[in-house]
Structures are given as C-alpha cells and as structure tokens.
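Good morning, and thank you for making time for this presentation. Please have the sequence and the model open while I speak.

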Amino acid sequence: MAAAGSSSAVRRLGEFGEFLRSRRARLQPADVGLPDGTRRRTPGLRREEAAQLAGVSPTYYAFLEQGRDISPSGQVLDALARALRLSPAERDHLYALAQRGTPPHEDAPETLTAGITALVDRLDPDPAFVKGRRWDILAANRAARALFTDWLALPPGQRNELIWMFTDPKARETYVEWEKDAAAMLARFRLAAARRPGDPDFTALIEHLHRHSAEARSWWSRHEVLRPASGTKRLRHQLLGEITFNHVVLQVADDPDLKLVTFSAADGNQEPLARLAATITPP
C-alpha cells in the first residue's frame, strides 16, 4: 500500500509541474505586462518571470515545475493562479493537483435509485442519460440510445461516454463540431480525474483513450481543464438531419459524482425526437 501511495504522489507531483509549465508556455510577456526583451529560444514566459509575478523565488518555482516534494500553501497557489492567468477551472485543477498525501479511497459500486431511472425514462423523447464518476453511462432513455449509441446493448466496460466519443466513428458523425466538443469533454474529464489521483479505474480509462485515440493522446498533453457546463450542441442523425440542442448538466443531490445530462431541441419541436425514440425497443 505504501508503494502504491508513493507512486500516486509521484505521478501527481509530476503532473503538477507539467501543468505549470504548460500554462507558463502559453503566455507572452505582453500578456502579463512585462517587456519583451531579447529574442526567446522557446515560446512563453521564462521561469524567472513566472516566479517574479507569483512573488516566489526562482529556485522555489523551479522546484515546483520539477515536481519536487514540496507543499505550496493556498496563498502560493493563488499567487501562481494570478501570475499564470488561470481560469477558474484551471485554478481548481491546480488546487486538486496540490492536495498531496491523500490515500486513494475505495468507492462503493455506483447504483441509481428507481426514482432517477424513472425520471430519465420520463424525459423521452428528449435524450437524457446519467453518467457516473468515471463517466460510465448508468442509465439512458430511448431517445439518447437512438441519438448516440445503444449504451445498454454494449458490454459494461464499454458503456462510457469518453470511450464512445473518442473511439466510435459514429461520434464524429453525430457531433457536427466533433473536434471542439471532444476537446471540451476531455478537458472536463481531466478536472474530474485530478480529484482522484491514483484511482486505478481512472488510470485504466486514460490509458485506454491514449492507446486508441491519437486526439485524446495529443490533447491530454495540453493540460486543458474546464468546469462542467450547459450550453448548445449541434448534433445530426441520419433520420433527422442536423438539430441544435439545448444541453443541460445537473448534479444528483444524493451522489454528487452522478450527473444527469439532458438534450432538448432548441426550436422546441419534439415530434422528430419522438420518431427517433420509437426506433429503440424499451429495455
């Protein structure tokens, strides 16, 4: 157990340093009010400049980027977030990566109450599904199964939103703006994964995505993070053509790791969705 905990800490320290480097590299001196100075060999701020902006010594900042076993205070983390112009989601991610020394905990199997399952079904013909802590699909109504994929017909290990998005060619057909939406999905998952360092289920999923998707492998190295958010999605289906949906994500009060995701046609017309749902046999 000690070795596993130590390995987890090393990974998180390494990712903490990589995240700082990636955020520093995207900034130019003009972005933070510094003179450009001499020509630079590599893009982005120098370590010394980032340290100056955060009010820490260059040596201390270098140790942070190197993944040394030091524990920055909340004051230092806030200073780093300001210096590197982190978004609220990126600041949350920085804090999550800095919470070292917490042993991995065992999670109980994910289950849904009958009420949540019934709610998902009642939302038909608006597509709706519930995803768990690792974004496994735990429930999906007929419309969602027809629009995306028949989750319930897949083997349990494949009922995962990220696996479908990055490895099933149908996902690229369904999402009109696949690259934008897939990158945003991965950035949101990264924020969730940072809260569970060393979790073998998350590690296995990330490794699976890296093996089977060049985009996931490349985009993961960017260290981009986003908070869960509602909005609009442009989706298409061979029976309906292209439809703009209002997309809403709700947290389940009984278990904050569970998310209810719903889609409703932006024009309010449910008739095409009813025809779509009718193509799927109820479970």
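Helices (H or I, at least four residues) and strands (E, at least two) are DSSP runs, numbered from the N terminus. The model is a predicted one: local features need pLDDT of at least 70, side-chain atom pairs count only at pLDDT 80 or more, and totals for chains, interfaces and linings use all residues. Residues are numbered from 1 along each chain as its sequence is written, and side-chain values use heavy atoms, with hydrogens and water left out.

I begin with the chain as a whole. The protein chain has 13 helices and 5 strands, and its C-alpha atoms fill a box of roughly 65 × 45 × 35 Å along the principal axes. Buried residues make up 45% of its 283 residues; buried means under 20% relative accessible area, exposed over 50%, and partly exposed in between, with a 1.4 Å probe and protein chains only. A contact requires heavy atoms within 4.5 Å. Among contacts between residues at least 6 apart in sequence, 56% join residues at least 24 apart.

Next, confidence. pLDDT is the predictor's confidence in each residue, from 0 to 100. Its mean over the protein chain is 89, and 93% of the residues reach 70 or more. Where is confidence lowest, and where is it highest? The lowest value belongs to helix α1 (residues 2-25), at a mean of 80, and the highest to α8, at 98. Over residues 100-104, pLDDT stays under 50, and the model has 9 contacts beyond four places in sequence for them. Where pLDDT is low, the predicted coordinates should not be read in detail.

Let us turn to the interior. A nonpolar core is here a set of buried Ala, Val, Leu, Ile, Met, Phe, Trp, Tyr and Cys residues joined through side-chain atoms within 4.5 Å. The largest such core has 41 residues, of which F148, L162, M165, F166, Y175 and F189 touch the most other members. Helix α10 (residues 178-194) gives the most to this core, with 8 residues. Apart from it lies another core, of 26 residues, among them F19, L45, A83 and A194.

Not counting residues up to four places away in sequence, Y175 touches F148, W164, M165, D181, M185, K233, R234, L235, R236 and F263. R190 lies in helix α10 and counts as buried because its relative accessibility is 3%. With the sequence neighbours up to four places away again left out, R190 touches E15, H93, W220, H223, E224 and V225.

Helix α11 comes next. Spanning residues 200-212, α11 has 13 residues and reaches 18 Å from its first C-alpha to its last. That is close to the 18 Å expected at 1.5 Å a residue, the expected span being 1.5 Å times one less than the number of residues. Which residues of α11 are buried? They are F202, L205, I206, H208 and L209. Seen down the helix axis, the buried residues of α11 fall within an arc of 160°, so they line one face of the helix; the arc is that of the directions from the helix axis to the C-beta atoms. These buried residues pack against α8 (161-167), α10 and α12 (214-220). On the other side of α11, P200 and R211 are exposed.

K131 lies in strand β1 (residues 128-131) and is buried, at 9% relative accessibility. A polar contact of 3.0 Å joins the side chains of K131 and E161. By polar contact I mean a pair of N or O atoms within 3.5 Å; within protein, one must be able to donate a hydrogen and the other to accept it, and residues adjacent in sequence count only if both atoms are side-chain atoms. In the loop between α6 (114-122) and β1 lies P125, and the peptide bond from D124 to P125 is cis, with omega near 10°.

Finally, two residues with positive phi. W135, in the loop between β1 and β2 (137-140), has phi near 70° although it is a residue other than glycine; W135 is buried, with a relative accessible area of 10%. R85, in the loop between α4 and α5 (88-98), is likewise not a glycine and has a positive phi of about 55°. R85 is partly exposed, with a relative accessible area of 42%.
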